Each structure stands twice: as structure tokens, then as C-alpha cells.
Amino acid sequence: MAHGHFLVVAVAGASALNTIIKLTLHRARPDELLYSGWSAFSFPSGHSTANMVLYGFLAFLIARDIRPAPQVLVGLFAAMLIFLIAFSRLYLGAHWFSDVVGGGHSGPHG
């Protein structure tokens, strides 16, 4: 199986796990008027989950084929991107802090 297939399966699995957790817990968002349906539930943050998996996996694929010094830069760039996306969810008022942390934590387990 090509690496692209693994990436698609990883992101799809993390998204499915995220949806299952949202539907199980039914936690309300800070501003309940922003979303409706199953996406109205807040915990865990789907953006944090999916982006942790997507950019973490891409960083792994890129870093494994380069020398150690640039590997650090690839990892730091991916971490910065993941952090900024997670922060944006807080800044926009779409999630509580615990939603974003939970999404970041559940992402690698998806």
C-alpha cells in the first residue's frame, strides 16, 4: 500500500473516532449558534484531531527521507502549524480549551 493510502486511512480513522466521541459525549460548544447537527458538539475538536494526524503524518513521511538536522525543522514546522490551527479554534470561540487538547490527544490514536 502506498504512503498516500496510509495517510488517507489515518485521517479517515481519526475523523471517524472524533465523530464517535462527539456523538457519545454531546458536549455543547461555547457558542451553540455556530454549528448545527452532529457538528454542534464540541468535544473533541475535529480540526485539532484531523490536523494532528495529517500534518504529523506528513512530517513523518518527509523527515524519514532526509538528514537528522532538517528533520528537526520539519517537525517544528508541523508542530507550529498544528498549534496555530488549534489556537484558531479557541480564538474563534468554536471550542473550549479542553476540546482542543482532547482533539490533539485523540488524533494520534485514531
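Okay, a bit of housekeeping. Since the model is predicted, local features need pLDDT of at least 70 and side-chain atom pairs count only at pLDDT 80 or more, while totals for chains, interfaces and linings use all residues. Residues are numbered from 1 along each chain as its sequence is written, and side-chain values use heavy atoms, with hydrogens and water left out.

So, the overall picture. We have four helices and zero strands, and the order along the sequence is α-α-α-α. Helices here are DSSP runs of H or I with at least four residues, strands are E runs of at least two, and both are numbered from the N terminus. Of the 110 residues, 29% count as buried. Buried means under 20% relative accessible area, exposed is over 50%, and partly exposed is in between, using a 1.4 Å probe and protein chains only. The accessible surface, from the Shrake-Rupley method with a 1.4 Å probe and, for residues, only the protein chains shown as cover, comes to about 6,700 Å², and 74% of that belongs to carbon and sulfur atoms.

Let's start with α1, residues 3-25. Buried in α1 are L7, A10, A14, N18 and K22, and what covers them includes α2.

Now α3, which is residues 68-91. This helix has 24 residues and reaches 35 Å from first C-alpha to last, close to the 34 Å expected. Which residues of α3 are buried? They are V74, A78, I82, I85, A86 and R89, and they pack against α2 (46-63) and α4 (97-106). L76 also sits in α3, but L76 is exposed, at 55% relative accessible area. After α3 we get G93, whose phi is positive, near 75°.

What makes up the nonpolar surface patch? F77, M80, F83, L84, F87, Y91 and L92 do, and the patch covers about 820 Å². Patch residues have over 30% relative accessible area and no salt bridge; like charges are joined within 9 Å, and nonpolar side chains (Val, Leu, Ile, Met, Phe, Trp, Tyr) within 5 Å. A salt bridge, by the way, is a side-chain nitrogen of Lys or Arg within 4 Å of a carboxyl oxygen of Asp or Glu. M80, for one, is partly exposed at 44%.

On to the rings. The whole structure has three aromatic pairs. The ring centres of F57 and F60 are 6.4 Å apart with planes at 65°, so that pair is edge-to-face. Rings of Phe, Tyr and Trp (its six-membered ring) pair if their centres lie within 6.5 Å; planes under 30 degrees apart are stacked, over 60 edge-to-face, and the rest tilted. F57 and F60 are three residues apart in α2, about one helical turn. Ring pairs also link F83, F87 and Y91 into a cluster.

Last stop: is D99 buried or exposed? D99, in α4, is buried, with a relative accessible area of 0%. Leaving aside neighbours within four places in sequence, D99 is in contact (heavy atoms within 4.5 Å) with R27, S42, F43, P44 and S45.

How values were computed. The expected span of a helix is 1.5 Å times one less than its number of residues.
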